[in-house]
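The following exercises concern the packing and the chain contact of one structure.

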Amino acid sequence: MIKLENISKIYPLSFSREQKAALQNVSFDVESGEFITFCGRSGAGKTTLLKIIACQEKPTDGNVFFEGEDLCRTKDKDICSFRHQIGFVFQDYKLLSYKTVFENVSYALEVTDYQNGGMDEEVEQILELVGLQNQTNSFPHELSGGEKQRVAIARALIHRPKVVLADEPTGNLDPYHTRDILKIFNKVNEMGTTILLATHSKEIVNSLQRRVITIEDGEIRSDEAKGRFIL
Amino acid sequence: MSKKTFKKILRSGWNNFQRQGILTFATLFIIFIAVFLASSLYLFGGAIYFLNDRLQERIDISVFFKENTAREDIAGIEEQLKAVPEVKKVEYISADEAYQKFVEEHKDDQYYEALQAIEMNPFLASVHVQAKDPSQYGEISSFLKKDEFQSVIQNVNDYKRGTVIQKLTDLTKNIRTIGFALIGFLSLIAVLVTFNTIKLTIFSQKAEIEIMRLVGAKKSFIQGPYFIQGLLCGLSASLFAFVLFGAFAFILQDKLSGIFLGFNMFDFYRTNLWQLLALQFGTGLLLGTISSVLAVQAYLKK
């Protein structure tokens, strides 16, 4: 489904001629329906990796394929349709601050030119799934961190994406909310959605018992089918 | 774009306008100032034209005729003057009319008493000549210096006022030139300040625009609501400026009339209502929409 071939990403450092390699020769394949955890210390290159898969950043070298199509050669106008197949969840939620919970979630569906009727019902259903059915008219600033993250997850899932990219989705949450969020990811994965989760949490990695790709200094240190936190 | 998408964009733009209190207020306020400034400059332009006309009306050449000159002789000169291409208006004032006019103007002061004391009409019959353009007084003056007129003409007062006429002519030209240069300069500043303020307010939306792109929104779907929001800000700002400017014009009409030689601000506002409406709403809507579209476009390119 997703294939990364010798991906490198080099950033020039400000105020000097030096460069920093965020990723070096990273290659792996992702099968449809997999749940992969990318683990590594802060600054290891996990976020850069997800950004490259999401077409937010272009790699300095290498290729990324999504269902056989080279994303590095995708034109700007086609990136929108690619992103309609992806769901994003971030540590800082990235919610639209002037939209209500309902509008934040429905926005992801509206941008896909959703033509079927019953959009409102779909949004209500997904909000029920994440336990926010009573907060539909609240604005992000009126919600707790866990609630915001659940809105972000609802937004990531509303358009039934093929892949969910989650970058430290539990980084700002307490253990109770973290457990809830992981339950949702597991449930979505059981329904066939591919999940790519970046985290530096030992507990999460060990509790999931799924494929783990460990990244260290921009390079893949290990790739195990049922991995554990090894750093 | 489908009707449904258009509706969504309209709704989203309206929601942004309502909900983004400080952003909306800042944008609306700066457009209001620009529209108010544009209206003031338009009014200033009107006042300059008015003053210019009044000054030009006050410039004339007065030809005084010798006592006992026959009315027919004066009428003959009047006819010849009317035939001069540079002449705009010729007005005859008889000695009696001049006397009456003086009495009217000075009935309450010592000049009237002085006139009563001499017990005669000291005024001469006169003809007042206005040129189409102040620069043409020289030619009219030369025409009146012809020998054939000297037997009936007592004096032509431009000999004494020649420099004054020239100075007034120069002054009106300068006022117009400086006035319109000032209008152009201030308009440019208003547009630049407005554009940059709106750009700064949209800068705070940079993160939101990035999120929209990340969830796969097309450029038109991102830009649309900002366009509507800019349109609504421009519309509201123009409406406020229109009402407030009208109120100021009404309240200050008497005070300003004294300063601008009888220029009535409120009358000007009423008589030029459609032009003012077009100027205010045109400025407001253009500033609101163009600056919001350009500012969003800058973030969409990145």
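**Exercise 1: a core residue**

Task: State which residues A:Ala154 contacts, leaving aside neighbours within four places in sequence.

Solution: The contacts of A:Ala154 beyond those neighbours are A:Val105, A:Ile126, A:Leu127, A:Val130 and A:Leu132; a contact requires C-beta atoms, placed from the backbone, within 7 Å. Next, A:Ala154 and A:Leu165 touch the most other members of the largest nonpolar core, which has 104 residues. Such a core joins buried Ala, Val, Leu, Ile, Met, Phe, Trp, Tyr and Cys residues through C-beta atoms within 7 Å, buried meaning 20 or more other C-beta atoms within 10 Å of the residue's own.

The model is predicted: local features need pLDDT of at least 70 and side-chain atom pairs pLDDT 80 or more, while totals for chains, interfaces and linings use all residues. Residues are numbered from 1 along each chain as its sequence is written, and chains are lettered from A and ligands numbered from 1 in the order written.

**Exercise 2: two helices**

Task: Describe how α3 and α4 of chain A meet.

Solution: Helices are DSSP runs (H or I, at least four residues), numbered from the N terminus. The axes of α3 (residues 101-110) and α4 (residues 119-129) of chain A come within 10 Å and cross at roughly 115°; axes are lines fitted to C-alpha atoms over the stretch in contact, with angles from 0 to 180 degrees between N-to-C directions.

**Exercise 3: the chain contact**

Task: How many residues does each chain give to the contact?

Solution: Chain B gives twelve residues and chain A gives 14 residues. On the side of chain B, α1 (3-19) and α8 (206-214) each give two or more residues.

Conventions. A residue is buried if 20 or more other C-beta atoms lie within 10 Å of its own, exposed if 12 or fewer, and partly exposed in between; C-beta atoms are placed from the backbone.
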